[in-house]
Amino acid sequence: QVQLVESGGGLVQPGGSLRLSCAASESIFNRYSMGWYRQAPGKQRELVTYSGSFGNTNYTEAVRGRFTISRDNAKNTAFLQMNSLKPEDTAVYYCRSWYRDVWGRGTQVTVSS
């Protein structure tokens, strides 16, 4: 069974940066679409960014220009570079693969001074 494991979350001050990683137990990122989601306390989980199997990407308006999704297919790892972080970015961040709709368990990102 394919597993996804996120890492890289933590506490950062407003304006800071974090880089999240999503490691897959099998080589799936080079063949299937994947995305990063987040869920803030008391809110529904939302799609932050999506990377299609053909390399197309899109971002929710709230993070466009600040976040960047990427993949290292040789390492079966996807990344979410987050810059200019804001308190409203605080959430648990999850990665998801369209391969069998697999989800990771999430990593907490807290943006606070």
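Biologist: Which residue does a disulfide join to Cys 22?

Modeller: A disulfide is a covalent bond between the sulfur atoms of two cysteines. The rule used here takes a pair of cysteine sulfur atoms within 2.5 Å. In this structure Cys 22 is joined to Cys 95, with an S to S distance of 2.0 Å. This is a predicted model: local features need pLDDT of at least 70, side-chain atom pairs count only at pLDDT 80 or more, and totals for chains, interfaces and linings use all residues. Residues are numbered from 1 along each chain as its sequence is written, and side-chain values use heavy atoms, leaving out hydrogens and water.

Biologist: Which parts does the pair tie together?

Modeller: Strands are DSSP runs of E with at least two residues, numbered from the N terminus. Cys 22 lies in strand 3 (residues 18-24) and Cys 95 in strand 9 (residues 91-97), so the bond links parts 73 residues apart in sequence. The torsion about the S-S bond is about 65°, so the disulfide is right-handed.

Biologist: Are Cys 22 and Cys 95 buried or exposed?

Modeller: Buried means under 20% relative accessible area, exposed over 50%, and partly exposed in between (1.4 Å probe, protein chains only). Both cysteines are buried.

Biologist: What does Asn 76 touch?

Modeller: Contact means heavy atoms within 4.5 Å. Not counting residues up to four places away in sequence, Asn 76 touches several residues, including Cys 22 and Phe 29. Asn 76 sits in the loop between strand 7 (67-72) and strand 8 (77-82), and is buried at 18%. Its phi is positive, about 55°, although Asn 76 is not a glycine.

How values were computed:
Helix = DSSP H or I, 4+ residues; strand = E, 2+ residues; numbered from the N terminus.
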